Amino acid sequence: MIHQRLAKRILLVTLVTSILSSLLYNNLAIADEIKIGVRANRGAELALKRWQATVDYLSQKIPGHSFVLVPFEINSLLNQAVSRDEFHFVLTNPASHVEQTMRYRVTSLATLVNKRNGKPYTQFGSVIFTRADRNDISSFQDLKGKKFMGADELGFGGWRVAYKEMLDKGVDPYKDFSLLSFAGGIQQKVVYAVRDGKVDAGTVRTDMLERMAQRKEIDLDTFKVLEPKYTPGFAFYHSSRLYPEWPFAKLAHTSDTLAEQVTTALLEISPDSRAATSGKYIGWSEPLDYEPVNTLLKDLGVGPYKVADSMKFNTFIKTYWKMGLIILLILLTAVFIASWMVLSNRKLKNLAAKLEDYHKHLEDKVSTRTAELMASNSELESYSYSIAHDLRTPLRSVVGFSQILKNEASEKLSEDEIDAINRIVTSGSH
């Protein structure tokens, strides 16, 4: 009896385990893998650390879908993956988003609400700064002839925003600075380079100076901001206008239904959730207007407005004028040779035509002369025949009578006479 009960329990456990395993297998089998490409400007490891909790949140919030994060450290590779529809959603910086929107019909769903000093911010910009003791530098104009450092030449807040502000104030960093260098995307490196006097000034994303000071890495009194701006509700140093934060966007092939589910889930993230605390943000808002970012890129001629690999016409001429001169000389030489060959060919054709005419003229003369000769030959033959006839008739008579005379009167003639007659016959016959 005990053995029967034990057997039934084992059978029941086995059955339940089988059912649960089957359900788990089926759930995993039907779960769609949804990939999210992310711009990992500080490295793939840090990107995974910051955004993995948000991805896990979406997997839990939207049944039947398993979200996976795909980090890209190089922006061009991210754009290439977007063009091939390698994932469904993308999280990147504003400049990269505008380029993807224009080229690959990417659509923003939400804008990041960043967390700085415990407060929410949906905008950021650039701060341009120098050492506080640099009395020779008080404005952008004072930067001419100085050494300057940016975070990343392709970075938005770490360079392009500041670049645009300086251009608007009549300062072209690529022409007016004695040295323009970049820190490989490490913004702290820019701050230390300015502090230590390795460069005269630099630019980083807004809030970087304050965060480093909060971590006791620098003393804010060591620096001064050039041409600072003041924006209500924005508590950080900035030398530029402000632009919208990073957008969360969908690719063109992603279904609208799934996009709506993801958007709803993002907007419902609370500031104290694991996704928000791990990502160091407050939450997500309705997508902001990214047209100012588009205008900036257009004015700088970068991103989707990049012409000839960032080489403007003057720069191209300065860089490749020698090669251009060589190519021009080769082209001129080729044109000269081609023209000479055309003229020579034309002359040869004219000469050939003249030779043909001369040859035809000669043939005509030869034909005429031949006809004349043939006519003359015919007359000559006729004349010769006439002469021969006139000679043969009397000669036959002479030969005939001489023969008769020889035969009939040979006895009465002397030997000399006979010899004379023989000569007459022989000569006449000849």
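# A tour of the predicted model

Helices here are DSSP runs of H or I with at least four residues, strands are runs of E with at least two, and both are numbered from the N terminus. This is a predicted model, in which local features need pLDDT of at least 70, side-chain atom pairs count only at pLDDT 80 or more, and totals for chains, interfaces and linings use all residues. Residues are numbered from 1 along each chain as its sequence is written, and side-chain values use heavy atoms, with hydrogens and water left out.

**Whole chain**

Keep everything selected. Of the 430 residues, 35% count as buried. Buried means under 20% relative accessible area, exposed means over 50%, and partly exposed lies in between (1.4 Å probe, protein chains only). Now consider contacts, meaning heavy atoms within 4.5 Å. Among those between residues at least 6 apart in sequence, 73% join residues at least 24 apart.

**Stop one: helix 3**

Select residues 75-83, which form helix 3. Its buried residues are Asn75, Leu78, Asn79, Ala81 and Val82. Look down the axis of helix 3: these buried residues fall within an arc of 160 degrees, so they line one face of the helix. The arc is that of the directions from the helix axis to the C-beta atoms. An α-helix has 3.6 residues a turn, so residues three or four places apart point the same way.

The buried residues of helix 3 pack against strand 1 (32-39), strand 2 (65-72), strand 3 (89-91) and helix 4 (94-104).

Strands pair if DSSP finds at least two bridges between them.

Strand 8 (residues 147-150) runs parallel to strand 9, joined by four bridges. Pick phenylalanine 148; its bridge partner in strand 9 is leucine 180.

Move to strand 7 (residues 126-131). Five of its six residues are buried. Strand 7 pairs with strand 10 in the antiparallel sense over five bridges. Find threonine 130, which stands opposite alanine 201 in strand 10. Strand 7 also runs antiparallel to strand 11, through three bridges. There, phenylalanine 129 stands opposite valine 225.

**Stop three: two loop residues**

Select aspartate 207, in the loop between strand 10 (201-205) and helix 8 (208-214). Aspartate 207 has a positive phi of about 80 degrees, although it is not a glycine. Is aspartate 207 buried or exposed? Aspartate 207 is buried, with a relative accessible area of 4%.

Finish at glutamate 227, in the loop between strand 11 (223-225) and strand 12 (243-244). Glutamate 227 is also not a glycine, and its phi is positive, near 45 degrees. Glutamate 227 is partly exposed, at 24% relative accessibility.
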